[in-house]
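Please take a moment with the sequence and the structure shown here, and then follow the explanation below, which goes through a few parts in turn.

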Amino acid sequence: MNSAPPAGESWAAIAPLRERTYRRIWSASILSNFGQLILGVGAAWEMTRLTSSASMVALVQTALMVPLMLVSVPAGAFADMFDRRKIAITGLSFASFCAAILTALALNGLTTPWVLLSFCSLIGAGVALYNPAWSASISEQVTAEHLPAAIALGSISYNVARSFGPAVGGVIVLAAGAKGAFLTNAIAYLPLLVAFVLWRRKHVAPRLPPERFDQAIIAGGRYALHSPPVRAAMIRAASFGFASAASSALVPLVVRNMLHGNASTYGLLLGCTGVGAVIGALLVSKSREALSAEKAYALCAIVAGLVIMVVGASHTLLLTALVMTIGGVVNMLTIALLNVGVQLSIPRWVAGRALAAFQASLTGGIAVGAWFWGDVASHHGLTWAFLASGALTTITPLLAFMSPLRQLRPADLEMIDIGREPQVALAITARSGPIAIEIDYEVDPDESRRFYQVMMKLQRARLRNGAFEWSLARDLADPRLWTERYHLSTWLDYARLRSRFTHADRTLQAAADAFDRTTGERRIRRRLERPFGSVRWVAETPDTKDETLRIYAP
């Protein structure tokens, strides 16, 4: 007789709900997600009433997703620069306000296709401002041991809503029209807004001044570009979102033209997708244990593609509902596995921006895909659009040859104190720059190739943490001597680079240092290039700001 699993293992998946702040926000997020999904049902079905154009119906999905693509990255920068609680409150308030205005317009019969699309975009912008702040703040609401489970629960909250929200939305549309769905959406944001207001976030004073908004966005983009795990996940999310977008954008037309159903039928099919998504969310942990990231993605993408093709060919409600349930499972697994991989591969200083970049990639792919497959359906028919979308989805695993999925260990992402305060004798300020850093290595010529390979990995670490114009040079007169050189725009940027050092970065630096045969202390030179600002025309000339800055370790 098999023994029962330990209680700790049985309850590990819901352990984060024991922490009050997370439990309150998570529970309220289910209601918020209900409202968002009901909005999608109401808007999509209202569009089929306002116009018969397949392109316009598909544009509802685009309108909901484009803001997530365009606003997410700036929102991620805000989430890393300022109080994430306040950013989340602002986003939710804006979304609820815009939903209330849309409700008022609908009650007065003033909705048109373009009014509907505009307000879907505005509501989506509020949600896009909220999402990175919520995702990046999960680590502040739970302990480190509960973080992976809390991330998975975040996905489950959305998909619990997907299980019932669309069906409820269909009933609301049938009973009260689209205006009822819009009103429900406006009200559903309020409990989550209250939950964030009640959260007493522990304020941690920053060690360094906040980055400028534009610099914060650039820093986040540079990190995503030079981080293989984040870059690979973004490429997969964008390609999967684009290829499979027909499954979400064109379902209202499947219901109307192929199944001859109504709003209730549409809600039922979306509910089937939601049920499958919940099942998929519960399988995330087991999938990560049983399969590698590449194998799991390939399996899910192939099944998802086949599901899309069957939906496009089926004229039977039962078959369509069954395969859409399966589609919900594999879609959820695909996105959740990519999302968890990103969350477990980024340090906290850039969490909001990296997650926003991932979300922007996914929603951007869906937004563009929805428009594209809607156009294909308009010109070549609904069935051809689904068959082409499904076929393209099945071949997205081939991206593994170009950008394989990777993941770091969570322990590698912990911030560390690198010590060794640099000695500064020159009177400089935070704005002084550019700063050039040169590091000498004396390497045995027989180990040159291995040293070079390590330095190429170290290059990515320098670039994603803020350096630019990185180079590696070898002395012509003494082949043992190598010099690493990189630049920072200002002394403050150099301070930030040092504060971003993680265990993984230290491991790379230690691997490079292991090749160094320099006797005594290795030469590290920190230079102020074109030091005009450090030389006064008159000795008594005062500085306009007292910004003298030391390098603070985290």
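**From a surface patch to a sheet**

In this predicted model, Val310 is found in helix α14, which covers residues 293-313. Val310 counts as partly exposed, because its relative accessible area is 31%, a value that lies between the limits of under 20% for buried and over 50% for exposed. Together with Leu319, Leu322 and Ile326, Val310 makes a nonpolar surface patch of about 310 Å². The most is given to this nonpolar patch by helix α15, residues 317-343, with three residues.

Another part of the model to look at is an open sheet of four strands, whose order is β2-β3-β1-β4 and whose pairing is antiparallel. The strands at the edges are β2, residues 468-474, and β4, residues 524-528; each has a single partner strand, and therefore one side of each is left without a neighbour in the sheet. On average, and with direction ignored, neighbouring strands of this sheet are turned by 15° against each other. As for pairing in general, the strands of a sheet pair through backbone hydrogen bonds, either parallel or antiparallel.

How values were computed. Residues are numbered from 1 along each chain as its sequence is written. This is a predicted model: local features need pLDDT of at least 70, side-chain atom pairs count only at pLDDT 80 or more; totals for chains, interfaces and linings use all residues. Side-chain values use heavy atoms; hydrogens and water are left out. Two strands pair if DSSP finds at least two bridges between them. Helices (H or I, at least four residues) and strands (E, at least two) are DSSP runs, numbered from the N terminus. Axes are lines fitted to C-alpha atoms, for helices over the stretch in contact, and angles run from 0 to 180 degrees between N-to-C directions. Patches are made of residues with over 30% relative accessible area and no salt bridge: like charges are joined within 9 Å, nonpolar side chains (Val, Leu, Ile, Met, Phe, Trp, Tyr) within 5 Å. Accessible areas come from the Shrake-Rupley method with a 1.4 Å probe; for residues, only the protein chains shown count as cover. A salt bridge is a side-chain nitrogen of Lys or Arg within 4 Å of a carboxyl oxygen of Asp or Glu. Buried means under 20% relative accessible area, exposed over 50%, partly exposed in between (1.4 Å probe, protein chains only).
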